[in-house]
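Hi everyone, thanks for making time. I'd like to walk you through a fold, so let me put it up on the screen.

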Amino acid sequence: MSAQRFDLLRMDAEAVQLEKQHVHSVYEKTAPYLSDLQCRAWPRVRQFLLQQEPGSLVADIGCGTGRYLQVNSGVFSVGCDVCRPLVDRARKRGSEVLLCDNLRLPFRDGIFSAVISVGVIHHFSTSERRGCAVREMARTLAPGGLMLIYVWAQEQRHRRFDKQDVFVPWNQALCSGGPGGPGLGSCAAAPAGREGLLGRALRSWRLDGAGAEPGRGRAEAPAARREGATELMRYYHVFKEGELARLVADNVPELHIQSTFLDHGNWGVLARKQSRPELPPCAV
């Protein structure tokens, strides 16, 4: 095995571990609170779903508690998520939901008329894994179908991100649902360090209301110092302007971008599939 191939495998193993600890585990622990915080559908996503033709088959990849699965009763909606507690809550609401990984979707090629991904891609910790997630969703999209993707933006009014790979604290005592993401509407971002090949992008630094400044050791969020507060650090890759559109174009040429936009601290891309893709399976 070449040294380059070994480094790639090692980096992917680190990425998987990081996502398990700082994404999957956090959602599992916060699921009881997200049920209430995720009840409101974002207006632009809601409008997109209501515009789908009656009888269409629509997928919500990373559906969480299923807040978008019952927006349009005239279409057949299917959701999936990697977090079992969230899937269970969505099922209790009567939604059709599967437990699965965005990188290995259990759907056949070209089955969906529309696919949405709201607040999911930014949780994958390498560009290869983010690209694979986009390719998998595109694989399941029918020719002529539409895909709507939302990710956190680096350019936000109420948060300042000096780096793109960050840890953000989820705090039950302070957080309220907001357009920037469930349970994070009033949180400060506090990225923390990580050793290994991914560590260079995740050096310790701190962000508060006054702006970012370098830190030493593990950063501590102000929320964590409040009595009774429980802090969990959630990983995000925040996207720069144009980055999401490039990610889509570089990984799926068949997706023609209809529009890009900034919506409440999130970059969004609306794309239409022009032809049936011949995409290789994901290697991650």
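Before I name anything, one term: I call a residue buried when its relative accessible area is under 20%, exposed when that is over 50%, and partly exposed in between, using a 1.4 Å probe and protein chains only. Helices (H or I, at least four residues) and strands (E, at least two) are DSSP runs, numbered from the N terminus. What you see is a predicted model, where local features need pLDDT of at least 70 and side-chain atom pairs count only at pLDDT 80 or more, while totals for chains, interfaces and linings use all residues. Residues are numbered from 1 along each chain as its sequence is written, and side-chain values use heavy atoms, with hydrogens and water left out.

Let's begin with helix 2, residues 43-50, where Val45, Phe48 and Leu49 are buried. Those residues sit on the same side of helix 2, because they cover an arc of only 95° around the axis, the arc being that of the directions from the helix axis to the C-beta atoms. Which elements cover them? They include strand 1, strand 4, strand 5 and strand 11.

Seven strands make up an open, mixed sheet, in the order 3-2-1-4-5-11-10. At its edges are strand 3 (97-99) and strand 10 (255-263), each pairing on one side only. Two strands count as paired if DSSP finds at least two bridges between them.

Touching, or contact, means heavy atoms within 4.5 Å.

Over at strand 11 (266-273), seven of the eight residues are buried. Strand 11 is joined to strand 5 by seven antiparallel bridges, with valine 151 partnering tryptophan 267. On its pairing with strand 10, also antiparallel, there are eight bridges, and leucine 255 stands opposite lysine 273. Strand 10 and strand 11 form a hairpin with two residues between them, and histidine 264 in that turn has a positive phi of about 50°.

So what about the core? By a nonpolar core I mean a set of buried Ala, Val, Leu, Ile, Met, Phe, Trp, Tyr and Cys residues joined through side-chain atoms within 4.5 Å. The largest one has 33 residues, and those with the most contacts inside it include Met137, Val115 and Leu255. Which element gives the most to this core? Helix 4 does, with five residues. Helix 4 spans residues 127-140 and runs at about 150° to strand 5. Methionine 137 touches, among others, Ile61, Val115, Met147 and Ile149.

Last stop: phenylalanine 112, in strand 4. Is it buried or exposed? Phenylalanine 112 is buried, with a relative accessible area of 2%. Its contacts include Leu57, Val78, Phe107 and Leu141. Arginine 139 is 27 residues away from phenylalanine 112 in sequence, yet their C-alpha atoms are 9.5 Å apart.

That's my tour, and I'm happy to take questions.

Technical notes
Axes are lines fitted to C-alpha atoms, for helices over the stretch in contact, and angles run from 0 to 180 degrees between N-to-C directions. Lists of a residue's contacts leave out its neighbours within four places in sequence.
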